[in-house]
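Hello,

My notes on what was found follow below it.

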Amino acid sequence: MAQPFPYTYYACDCYDSNTSTSAQRASHMVAEADEEDGTFDPRNPRSNYALYPLEHLLYCEDCQQIRCPRCVIEETLNWYCPSCLFEVPSSVVKSDGNRCTRNCFNCPVCISPLTVNSIENPDAPSATGGPYILACPYCHWSTIETGIEFDKHTGVYGQLARIANGGKPLPTQRERDKERERRKEMQARQRDSRILLSLSEDSPTSDADKFSSTPSREDLFANLSAFYKSQLEAQTPSNPFSAHDLNFSSPSAYSRIMNLYSSAGAKKQKRAKPTPMREAASELEGLAVYDMASDNAAIERIKRDGWGTTLSQTQKLAQIDPNVQFDDHLRPIATLLCTKRSKRCRSCRHILSKPESKITSTRYKIKILALSHIPRLSIRALPNASAPSVAPTPGSSSTGQTPFNYNHLRSGIASHFLLQLSNPLFDTIRVTLATPSTTPGKVQSRVTILCPQFEVGANTDVWDDALSTSVPSASRGSAADGQIEAGKVWDRGRNWTSVVIEVVPGFLHPISGFGQAPEELDEDEDLLEIPIFVRLEFETEANAEDRGLGDSRGSKGEKERREEAFWTVIGAGRIAPITDLRLHDSPALKAALDLKPECLYPIWTWDPHYVYRARVGSNRWQYLIDCQNDLSQSITKLNPKSKLFLIREAPQTLFPKLFKAWKITHLVFEKDTDAYARERDEKVMEIAKEAGVEVVIKVGRTLYDPDELVKENNGKPTMSITQVQNAGKKIGAIPRPIPAPKTLPDPGKTDFNFDQEKPAQDPDINAVQRDGDEASYSTLAGPNGDFAVPTMQELGLKEATTQHRGGETLALKTLDETIANSEYTATFEKPKTAPTAFSPQSTTLLSPHLHFGSLSVREFYWRVQDIVTSFKGKASQPPASLTGQLLFRDMYFGAQAALGYSFGQTYNNPACRFIPWHLPSAIDPATNLITGKYLVDSALAESHFQRWKHGRTGFPWIDALMRQLAREGWIHHLGRHAVACFLTRGGCYIDWERGAEVFEEFLIDHESACNIGNWQWLSCTAFFAQFFRCYSPVAFPAKWDKNGDFVRRYVPELAHFDKKFIYEPWKAPIADQKKWGCRIVESVDGYVQEGEYPKPMLDFNERRDTCIQAMKNAYRVGLYGNDPKVLDGSWRKLFEDGAEGPTEGTQGPPGAMVEHEDVDGEEHDAPEPLSPKDAKKVAAKSEKKVAPKSEKKAAPGHKREASQSTLDGMVTRKKGKKEEVFPNDTHFG
């Protein structure tokens, strides 16, 4: 089921042919429910056509049954035109082709309604001053383009039927018949006399003008109709006794009738065999002959005029003649008629739904909905203050409670749900619920309804509750004391009652004593769907049929007992199912070897979070696979019995079983401070503690422990290099790298005595990266049982397009080549490297190795530092130097470690400035986290974002960088600056979170901390504040590459352009553009034909000034992501309505979310913002993450950070003692 959890579907009786009266059907269904095989199975193929939401069902009062769309009969009441609202008689609908025959037409280009305008003023409707045309007010197409004009402004349909494109009159049916007979006679004379005569010599000029040499579609159809009619007449003799020439339906009908009047002894005449019918053989008989000249002419026209004059497939199919090819062949499309339909019960023909026949009315005379006769069942997780993972009750505050995760039900652990039944009837009903002890399907879950029988009050007036005495707490059920008791309802109201259901989700693998699950599960087998049989008993008046089932208002009569029974299906949820890749300088590996283990398992768990939930493109997957294969080969070289054991299951579910099966005593891994990784590792440590396994954690991903950086920075995130250097002094010296081991112990036994718990694939955020099925979780040890690294084919991924490859061997080789050039290493300055360099690039390109751990950051640091120490010239200094780049990396890791998930977003981020960008992120107020989706507040901004992402902006420098990123997974640091500035504060004014998501997908060196930090820096929302410094897409690349070789490589359309126009091709003369083989043209969303390149999507100078002014305004307001005004949506009152971004109004959804998206008119239901009181609480809580320890008791507020205005400050280098070199002393003087 695609519907979000929880959901309720009702089963219509049409899935079972045994239907009778209500009482008999109820008894029959009860008997079936008592049988083991009589359980309703929602996974049965027949059930797919019987399950509907209650809102989609009708109810038959005569049959007393639910009626779904499959068991009703539709009847057409009337036809009408949706444009002019004119009702069309049913007798002419078929002959008119189900089209309006008035002045209602649609545009053949954009399908908008056409208006009748005077040709003197084509843009304004007019009834005077002919001739007239049909014009589109949206795309400005008109019949002038096809040469069609009308004499009158009325009766356009009839006039159009007599005019061909170009203004020539179309022949009538009589003229077509006459012309066809004339041509037949001419062909007969030619055959007799053997004289070839031309058509023009034998036909009048006036008639020839109306008929082209190639018959039109209408001519061919008329010829074909006449041809078959003549054959039918030849097959069927006429009736000599009829005054009219009526033909019989069979050739023998005439002889049978005549035999009635003949004598009995008359000699029977032999009937001649009828001439067999044949197919059309010529154009005069309606045969469509292939016209090669027409196709050749079309090809020549495309060569001459280009593809711009051709029609799309949609435009062709909308035409009466689908073989049209060019825009001058288009004709206005007559509006299709609509219908009003009534619905009847298929069994008793009783009317269930009937709209008013008046065209302008949307009301119904009769509409018997099931929701007015059938109780509504709804389910939700049971509120429990002691369990933080349950959902709050409707209307209650969710403060302090984490929303219940319906997509992660834990196998074998009981969950309690509230099943509420609401009574729409005006009589009290007695309800009996029944459900199988275990759910049907391959994964069997145990279900228990604690109170299967109860009463639900009548649907009386709401005021009855207010006027009656309040219900005693004892009668309200178990909700009064919060205790779950069998046989008691949980709570009840005026016309509703809720009971508790206990559910123990089944296991996705075989568990002794809990049912046997299959080896392979089908799709959606992890869904927990509970079939519930509902039986209703109530008494109502005997004459209630006249007023509706259960309606006891009005006159009092005799009571009769009624029963109703049906199946429902409740969807309760879905059952849910190490980092460095090197041997050198691996603190975790050394710690493991120091334990003198009897056996050692180098393990990598295949975490489904990164397979399905994190944005990872094919290039980064290939890089990871390269690193894993290289490490496995290196391990095997040290010990042929060992390798990298890649086990295909999530560590949270794998380790409890693995610890026991392999008798593990110690677990050693490298520390990871990413928000998700921290949660995962904490869970693993809890599992290890329960299993008695000792855990050893080592730091090796960064120079400093990010948590120690935060601690020594007074508990604040590190937002500047100065803070990193000061904290580094307190932490101590950066240790020297550890050499790689010479030998490794043998692994122990590697067999499994447990089953794999396969993860749920949905939602698969990487589905767009796949061109096949994802099958990496086929078995625990891989398809061959050898713990092999998954292949790209197993992952179903598209082939990688990058030339960059990973692995420890290649990383150390690249580092050696870099260090060999001592002058390059010692004098390296990042801002002075060319972003346009390629083959080779101007930087080391070691960042992907640092991310995947195939290169130790300490190995890199000390190899470079040793060169700098021994260098006799003037060495570069941080932050521009190579070691300075590592300090930047640590700065971002420290900020992320302090802020957690909030670091990756603006909302509720105390360190990030709030700026109302376009395309804001969707926010879940329950968690204060972004959902991974965004809202389109401006269709233009969405177009700009898509063109930026795919390299279609019309600015060659920007497009070349984005295409290089998509193809190779890497671009230069300054190139990242250019595209990030262009998307945010220097052009498009689009949320930096959108750009960070694109980089997360494409970059092979993506690290969440560095990626998020860099985007905040470039958008001037954190770390950096000089928003007025923008990168020009023309002047900046010309500084590095005047000839434009970088653009020519990645934007090959412009390869032949002169260097004068390489960064501004739209300024090149048209003649030169044609000579260079590429036209610069206007485009829709950047899509152009081959040999074309789009014009710029925006005026850069104008947009830069607009963005700078908007940034000034946002800085003037001075809000941060955790400001109460941002949390409750009241920040809008501080901005003018006309300001850039979604600033309209004074109050709105939380953050920068919008209530209505600007996409095809669709509306978005935005969540309610936090109340001012709750917003202040959340703001105070998040402020503690950035406030110093001495200030944590002060009132919440934000102290403005100092802006880092430069990246390349140069100071004196100072040497220190070996083994005791601090970055602060060495690089900052």
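**Sheet and strand pairing**

The order S6-S5-S11-S12-S13 describes an open sheet of 5 strands with antiparallel pairing. At its edges are strand S6 (87-88) and strand S13 (364-367), each of which pairs on one side only. Inside the sheet, strand S5 (residues 72-80) and strand S11 (residues 338-345) run antiparallel to each other and pair over 8 bridges. In that pairing, Glu75 stands opposite Ser342 in S11.

Please keep in mind that this is a predicted model.

**The chain as a whole**

The secondary structure comprises 33 helices and 30 strands. There are 1229 residues in the chain, and 49% of them are buried. The accessible surface of the chain is about 60200 Å², with 51% of that belonging to carbon and sulfur atoms.

**Nonpolar cores**

The largest nonpolar core holds 119 residues, and the members that touch the most others are Phe860, Trp948, Phe982, Phe1023, Leu1054 and Phe1057. Helix H21 (residues 882-899) is the element that gives the most to this core, with 9 residues. At least three residues of the core come from each of domain 2 (587-847) and domain 3 (899-1134).

Take Leu1054, one of the members named above. Apart from neighbours within four places in sequence, the residues in contact with Leu1054 are Pro956, Val1047, Arg1048, Ile1062, Pro1065, Cys1078, Ile1080 and Tyr1093.

**Thr953**

Thr953 sits in the loop between helix H22 (939-949) and helix H23 (956-968). Is Thr953 buried or exposed? Its relative accessibility is 0%, so Thr953 counts as buried. A polar atom of the Thr953 side chain lies 3.1 Å from the backbone nitrogen of Phe955. Leaving out neighbours within four places in sequence, the contacts of Thr953 are Arg947, Trp948, Ile958, Asp959, Phe982, Lys1095, Pro1096 and Met1097. Two of these, Trp948 and Phe982, are also among the residues that touch the most other members of the largest core.

**Gln173**

Gln173 belongs to helix H3 (residues 173-193). With a relative accessible area of 43%, Gln173 is partly exposed. In sequence, Gln173 and Ala222 are 49 residues apart, while their C-alpha atoms are 7.8 Å apart in space.

**Backbone geometry to check**

Two cis peptide bonds came up.

- The bond from Ser839 to Pro840 is cis, with omega near 0°. Pro840 lies in the loop between helix H18 (822-827) and helix H19 (847-852).
- Pro878 and Pro879 are joined by a cis peptide bond with omega of about 5°. Pro879 is in the loop between helix H20 (857-870) and H21.

Positive phi values also turned up in non-glycine residues.

- His140 is not a glycine, yet its phi is positive, at about 65°. His140 falls in the loop between strand S9 (132-135) and helix H2 (156-161). Its relative accessibility is 55%, and exposed means over 50%, so His140 counts as exposed.
- Asn714, also not a glycine, has a positive phi of about 65°. Asn714 is placed in the loop between helix H15 (706-712) and helix H16 (721-731). At 41% relative accessibility, Asn714 counts as partly exposed.

Regards

Conventions. Residues are numbered from 1 along each chain as its sequence is written. This is a predicted model: local features need pLDDT of at least 70, side-chain atom pairs count only at pLDDT 80 or more; totals for chains, interfaces and linings use all residues. Side-chain values use heavy atoms; hydrogens and water are left out. Helices (H or I, at least four residues) and strands (E, at least two) are DSSP runs, numbered from the N terminus. Buried means under 20% relative accessible area, exposed over 50%, partly exposed in between (1.4 Å probe, protein chains only). A polar contact is a pair of N or O atoms within 3.5 Å; within protein, one must be able to donate a hydrogen and the other to accept it, and residues adjacent in sequence count only if both atoms are side-chain atoms. Contact means heavy atoms within 4.5 Å. Accessible areas come from the Shrake-Rupley method with a 1.4 Å probe; for residues, only the protein chains shown count as cover. A nonpolar core is a set of buried Ala, Val, Leu, Ile, Met, Phe, Trp, Tyr and Cys residues joined through side-chain atoms within 4.5 Å. Domain bounds come from an automatic or database domain assignment. Two strands pair if DSSP finds at least two bridges between them.
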